[in-house]
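Subject: Handing over a structure

Hello,

Here is the structure I promised to pass on to you. Please have a look at it first, and then read my notes below.

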Amino acid sequence: MDLFSAVFKDEDDLLKVTRQVRDSGYSIYDIYTPYAVHGLDDAMGLKPSKLSYLCFGFAFLGLIVAILSQYWIGSIDWPINVGGKPFNSLPAYLPVTFELTVLFGGVGIFFAFLFKARLRPGKTAKLVNPHSTDYYFILTIEIKDSSFDSETVLGLCRQNNAVETKIILGNAL
Amino acid sequence: MKQNLLIVLLVILAFILVVLAQQIKINLPGINQGYAPQQPLAFSHRLHSGDLQIDCMYCHSGADKSRHAGIPSENVCMNCHRFVTAGWDKIRIEDERAQKEKRPPQPVVSDELKKLYRAAAFDETQMKFKDKPYSGKPIEWTRVYNLPDFVFFDHRRHVNAGVSCQKCHGAVETMEKVTQVPDLTMGWCVNCHRDVNKGKIPELKGRYASISCTVCHY
Amino acid sequence: MSIYYSILRKPIIAGDKKLKDITDDVIRPLEQKPTLLWWVAFLVSLTVLLIGVIAVTYQIKVGIGTWGLNKTIGWAFDITNFVFWIGIGHAGTLISAILFLFRQRWRTSINRSAEAMTIIAVMCAGIFPLIHMGRPWLFFWVIPYPNLRGSLWVNFRSPLLWDFFAISTYFTISLIFWYLGLIPDMATLRDRAKSKIKKFVYGLMSFGWNGSARIWHHYETTYLMLAALATPLVLSVHSIVSMDFATAVIPGWHSTIFPPYFVAGAIFSGFSMVLTLMIIARKVLHYEEYITIDHIEKMCKIVLVTGGIVALSYGIEIFMAIFFGNQYERFMFINRALGPYAWAFWIMISCNVIFPQLLWIKKIRRNVALVFILSIVVNIGMWFERFVIIVTSLHRDFLPSSWAMYKPTIIEIATLAGSFGLFFTFFLLFARFVPFIAIGEVKGVLKYGKLKKNLTSESSLKANADVTV
Amino acid sequence: MAENKSKKYWKGIEELENTPEFRKSLESEFPEEASPEAFLKKAEENGSNFSRRSFLKATGFTVGAAILGACARGPVEKAIPLLNRAEIGVPGKAYWYGSTCHGCVSGCGILVKNRDGRPIKIEGNPRHPLSQGGVCAVGQATVLSLYDSKRLQEPLLNGKPAEWKKIDRAVNDRLKRTNENVYILTETITSPTTRYLIGQFLKRFKNSRHIEYDPVSCSAILAAHKQTHGLRALPHYRFDRAEVIVSFGADFLGTWISPVEFTKDYMKNRNLAEKPPRMSYHVQIEGRLSVTGSNADNRITATSGEFGVLLTYIAEKLEERAGAGNLPLKADLTQTRVAKQTLDKIISKLWSAKGSSLIVCGANDVRLQILVNYINHLLGGYGTTIDLGRPSYQKLGDENKVNELIDKMNRGEVSALFIAGVNPVYSLPNGAEFKEALQKVPFSVAFTEYSDETAEHASIVCPQSHFLESWNDSEPVEGYLSITQPLISRLGLSRTLNECLSAWTGNSATDYALLQDYWKRHVFPLQKKHANFQDLWDRALIDGYVQIKRPAKKASSFNMNAIKNLRLDSAKPSGDFELVLYQKVGILDGRHAQNPWLQELPDPITKVVWDNYVSMAPQTAKRLNLRQGDVVRVSDGNSEMELPVLPQPGQHEKVIAVALGYGRNTTKRFKDIGPDWISKRPTVKEGETVGENAYRFLKWQNGFLHFSSRVNIHPTEKTRIIAQTQTYNSITVPEKLGGERRPLIHETTFKEYKKDPASGNKYKHQILQLWAEDHVYTGHHWAMVIDLNKCTGCSACVISCQAENNVPVVGKDEVYRRRELHWIRIDRYYSGPESDVEVVHQPVMCHHCDHAPCEGVCPVLATLHSDEGINQQIYNRCVGTRYCANNCPYKVRRFNWFSYRKKDEKENLVLNPDVTVRSRGVMEKCSWCVQRIQEAKAEAKRKGVKLADGDIKLACEQSCPADAIVFGDMNDPQSRISKLIHHPRHYNMLEEMNFKPTVGYLTLVRNKE
């Protein structure tokens, strides 16, 4: 698939052009920005990330694991009289339970994110423009068969202070 | 795709390692299960305890009285070996040969027993003790069952409770060379105590085996 | 064309910067050869660290007896240092997580370094529970793993075990959180790097980040989630640390007010440490436009508030001790104030309660030199707070026959120094190899407090560079 | 063979089969499961005379590991059986033998635990009629001396090692040439056999004498009785019959004559067990604060210079009441600070308890002792509280004879001198004089266990066997003949005095033969119980003693002339202070100064270890601007010594006190004791000794050595650290910090107690249980009760525990850093004004709380509760966080700051093989001697009987001379402990905190108004 790419220098321009491009019915392939541009997901029409549910799931798993394992160790596997306290000292289990909840949730979502974003150590980044991680904002639009009107798109870009536009043949990304 | 393949390979490798480790019985550090050192005197438990049916407590006489079962002192060995100097088969061969050659049979002394006689200062040719009985160097056995110094195992309590020797030491009466049968980990001890309390060990039903720390550690 | 500035909100970043300027400014120290100052600081820190390493090695080889502890006072410098460093660590998480949740945009200038400080401080802290053990080589026994002892597990009722879980979780989450923030910056560095080695290393560390908005989208959720997890975590960690004392029976330890009191104290000391570091860093690394005087003033206000909570806690503790009617408890506080360790108590009171009151004065808050001194004063005070809590409670508890005194040995002092050596060594390495300011985040707030108008126009930038509200 | 419930009494090994074959076979005895090779090799390399042969004879210990290097499986342990095992003794089992302690001259009956051929623990023999099951700290510690590798191993001839044959030849040659002027100088000989042998030895020589001399002498008492009763004898004091006791400086519960027996007897009248309760009244008049004074109901401070006046006044008033008028003296009460009313009250108490009152005096002044005798006579003490018919033989020394001996030595009238068991060069004030005189004696032989100050100058030094390796007997009090039997073959080439004497008399025999021979001929006829000798002998070995009846001593009735001619001098002596020289319970007269257990035993009063010091009243110290540790120079014109100051509440303002027994040259060895690290302070500096020798300040007066003299003190610039195990001494917190009294000690007066036994212990906290049903103890539930009324602070329990539980010695610096490792400590608190303090001794060990605060905080489960209520400390699980110690409200947990283990393999033979030797970095604490609990349970199970109350005796409980400690099962309603727990006097320390400690206390009852 071919891509059309345009480079912008300002986030406001980018936001504007993104909305316009989308309104015009073109499908945005992706946008590359040096930082998280506020409102861009809205402009792109991205649905809220589901990672938060996953995070809850992991945390809940941590909670269950912590409570069950502490209960099992303290009351079933080897009940031991420690200072006359009950075998199942539930209040005393809270700190560890909490910590494991957080640990599972945090580590879980981090790896879930890496998985979802297909990031891993040593992966080669696919860049449209080497400055997109510094000061350029790059909009890429899918060129789908004949419905792609390069003139209109180019016009929108120019109108919004695009620094540079180009067409990437074949999906090099 | 490549990534997934790698993961799958790693899992398989780990599995193989675990299975392999179980197969060749690699002991964790500090565990000497299967330890069967060469003893200075090739004493056969199979012969004495198995074939001849000598009671364990005849030699290990401290087992029901003391913490230590004890290695028999040489005078215990000499109770029999003052008279028995070699295996019956060897003696018979000599007897037969002597009969054939029409001469009095020579005393037959096995090589292993010579070590004992040396220690006991026993003159096997005369079949009597030398001037100073038991003045030799005692036999230095190699301990097979070693517990750390902070563990106080009491034979007396177990023997008097009716735990058979074989329960812990395995079928010693079949062993030519004594081997450490259990792993002697704390878990091994504790789990047996737990089984006793749960009534899982028929001969010890109704008994209570404490698993408090100070049963062994003090 | 003119630029309008918001009346309500001041810009976070002073001066008019373009995106590239930010990258250039932040990365400059990384791309240059280290300065003489850096080398001097680094070598000094490393030497102090080495002294600490020697002291700890000696102590582990010979025994805990090389510390000044005794049968009555089983903890002193070790746990004091532990709590102190954990407390220091709290500011970083607070800045990165809690201020994030509260949408405090000014945090972006300092969160990277504060988080790094957290991680290094937690490392410093984590050493102490390890080396304070009589047999540190058996530390892994605090981990509940299945074993051949039957399995003999661990005691989930012990606050020290909670500590182990809290600190390892805290360290892990802080590291993840910090690293997550670092990934986009690593990508920036990678794409700017000229040498092959740098490209490779930064490439490895940037995980293949390319700034895709779709990833940014998940990234922000992840960041938010981590912030949401780290917020209660940071509160729990010092609460749990405080439970080392609160769940004990010793008068002066056995106190339900400890968790919030310790958390406030931790933030108090942590922010002071952040202030200390930032004031040095902005000067040395020329980050005055990023870490502005407004930043410092804001942090001063937090110090003031948390200091107030700490002072209140002191007051409540003393009030409870005197009016609760437990004679051991009452004696403990009288003894703290008037007994043999009164000097430590009064250092604590003056450094933590009296001197920070100067921060009510705006002029002082905006006087960098004074704030710097005060930040160090607070840190000294907070170290003594832990010393007072630990040592004065232990040294005279229930039975007068066992009352004893504590005096640190040279080994303990060297160990304390060594922990500072470790802290500064790592911090200097951090400042050298990792962007000190979160580039990606600062870029995001570049326009904060400025009307969205033609910021890219270079002429207008020049014309209005000095305008402030 | 009669059986005690838990212990077996065995006859000596030789008894069983005393044939030459047996003795030979003993020589080939090999240790069970041990490798002696490494040790032997080392001993040979060092050129030690500790030969293979003697080692083989000596050993029999259990587990030693021969570590073979380069072995992948870790250390290989060897199991080496005995070649020919004697039929008695199963390896791994302990056997108890009755014997007699020779730690001092008191002669207490002991039981010695023999484990696999080595004695490892000394305990009191409950059957012994004098010591009645008690044994003091010194007695307990003697077992360590047995294994002391610095004990003399072989005889020395002119300073060079020589064989016994050579020595014998040298002595016999010499004695052949001399036929007169042979002298034997010994301490009091309590052994009739030795006394007989000495007599036999000296018979050959003309003009020869046996001189007995005690470094800390009671000769004035003996001399006084010579004057008043015509019999030079030390009476047998019967504290069990005394209802009113007045002691003038006699520390009879600590160090005076026979403290264990006296404590046992004293406590019989103070145990409040009878109905209606009875309690003796004890007045102590003294200048310094002694152990006895700390237990007195009424303690009056007075210098010993005042004793004369006070005694005169008492005698005077008693004469008035008795209607006698023999006393030529008039008391001038202006010479004393003691109020007349106080004295009058005491006098009326004494008079009303006529016949059951007792006055004792520790001063070695014959005139005072005559007065004391007179008072006791007036009170009808002779025949009741004082037994002169069966006198004590514990102190028979006459130091004046030593002075005469010195003169003779100087005049060259001594041709041979044998010195045994005494060290006059060290312990005489004129020791230097003795040393010079000794060099003039052509032939001198010293019998000693160590190369001491005197032996250094003798021509021949004979190593004396330890009493645990020799046969002997002892008759501490007439009629009670106690036997000493060996528990181990000799560890060096030593001999007993008896053997030497017999060898040099011409008929060389073993100590065993000598003893039996003497008994056959001289003891057997003195008794009627046993028809044949073997019965008597067997009985003696089983019981540890026999009773005999000697012909009665003829004490005449009181000779009034002694009183009528009595004059006391009231001349004001020079010097600012009265120096009181005293003995400490651990060090006594210095004979055990080389025993590290005793050096590290905290003094019951000052809690100081490893030192002597100048104790003075706090007011005095303040006046002189001296603080603790400031070194002062004490001088009496002739001698000087420099010692640090210790302010001692309760001391007379004009009195300073210094302990004897320090400054021994044998303590130079302690320079390396304790851990080695950068900031350590050596216990003693190179070439220095522990403390200073204060014997030089003893005063000769009319042929008696006085323990007090007048001295001046001068401050110096120096300071010296004083290591104490307790540095805050009051039961109230400092005045500046509130001055509240801590409710740790519940006490009342006898008067209140009679009205209500719960007095002083009224307030009971209402304690709610959150989890009452959890952890119900269905089997045993162990508990302990300590009677504060009985504990005298004597510290026997401390050493007993140390011996039983392998507690290491840590050295002075470690104690100074408050890191002593004793599992049991005795807290000593003062209350009241500094000049007139009340003292309480409170033993504290692990309280084994059922809600133990230490357990909950251990992250690795190294301390837990057992199913019998024991707070278990598992050393091998401990990672050493010390959290438990911090959280222990009683501060009884001890940490191994360093590796305190010793490399001395011989000394390590004293270790109890049933207790783990703790490594560095682990916590330890009182385990309630759980090894004893397990042993008793195992034995009960083996025999198929129920564990009875009293079967388990903990180390501290067993040896307590006051029976202050009781241990038992509180789930058994009939046990002693159950009854004590429900006694109205019972309380728990810090009860309100709901730790539920299972160690409790009984309130302290003082017989006060």
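Into which domains is chain A divided? Chain A has domain 1 (2–37 + 137–168) and domain 2 (51–116); such bounds come from an automatic or database domain assignment. Before going on, a word on what you are looking at: this is a predicted model, in which local features need pLDDT of at least 70 and side-chain atom pairs count only at pLDDT 80 or more, while totals for chains, interfaces and linings use all residues. Residues are numbered from 1 along each chain as its sequence is written, and chains are lettered from A and ligands numbered from 1 in the order in which they are written.

**Chain A on its own**

The centres of domain 1 of chain A and domain 2 of chain A, taken over C-alpha atoms, are separated by 47 Å. The C-alpha trace of chain A spans about 80 × 30 × 30 Å along its principal axes. Its radius of gyration is 25 Å, whereas a compact globule of 173 residues would have one near 16 Å. That radius is taken over C-alpha atoms, and the globule rule is 2.2 Å times the number of residues to the power 0.38.

Chain A has five helices and four strands, and along the sequence they follow the pattern β-α-β-α-α-α-β-α-β. Helices (H or I, at least four residues) and strands (E, at least two) are DSSP runs, numbered from the N terminus. Of the 173 residues in chain A, 48% are buried. Here a residue is buried if 20 or more other C-beta atoms lie within 10 Å of its own, exposed if 12 or fewer, and partly exposed in between, with C-beta atoms placed from the backbone. Among the contacts in chain A with a separation of 6 or more, 80% are between residues 24 or more positions apart. Two residues are in contact if their C-beta atoms, placed from the backbone, lie within 7 Å.

**How chain A meets the other chains**

Five pairs of chains touch, and the pair with the most contacts is A and C. In that pair, 59 residues of chain A are in contact with 56 residues of chain C. On the chain A side, the elements giving two or more residues are β2 (28–32), α2 (40–44), α3 (51–77) and α4 (90–116) of chain A. The most comes from α4(A), with 17 residues. By class, this side of chain A has 33 nonpolar, 13 polar and 13 charged residues. For these classes, Ala, Val, Leu, Ile, Met, Phe, Trp, Tyr, Cys and Pro count as nonpolar, Asp, Glu, Lys and Arg as charged, and the others, Gly among them, as polar.

Chains A and B, by contrast, do not touch, and their nearest C-alpha atoms are 9 Å apart.

**Chain D**

Chain D is divided into domain 1 (13–143), domain 2 (219–392), domain 3 (577–724) and domain 4 (735–740 + 778–1006). Between domain 1 and domain 4 of chain D, 17 residues of the former are in contact with 17 residues of the latter. On the domain 1 side, β4 (118–124) and α5 (137–146) of chain D each give two or more residues, and β4(D) gives the most, with five residues.

β4(D) also belongs to an open sheet of three strands, in the order β2-β3-β4 (chain D), with antiparallel pairing. Two strands pair if DSSP finds at least two bridges between them. The edge strands are β2 (94–100) and β4 of chain D, each pairing on one side only. β2(D) and β3 (residues 109–115) of chain D are joined antiparallel over seven bridges, and Y97(D) has V112(D) of β3(D) as its bridge partner.

A second open sheet has four strands in the order β39-β32-β41-β40 (chain D), with mixed pairing. β39 (965–969) and β40 (986–987) of chain D are at its edges with a single partner strand each, so one side of each is left without a neighbour in the sheet. β40(D) runs antiparallel to β41 (residues 999–1002) of chain D, joined by two bridges, and H986(D) has L1002(D) of β41(D) as its bridge partner.

One residue to look up is L417(D), in strand β15 (residues 416–420) of chain D. L417(D) counts as buried because it has 24 C-beta neighbours inside 10 Å. Leaving out residues up to four places away in sequence, L417(D) touches Y183(D), L185(D), V441(D) and S444(D).

Best wishes
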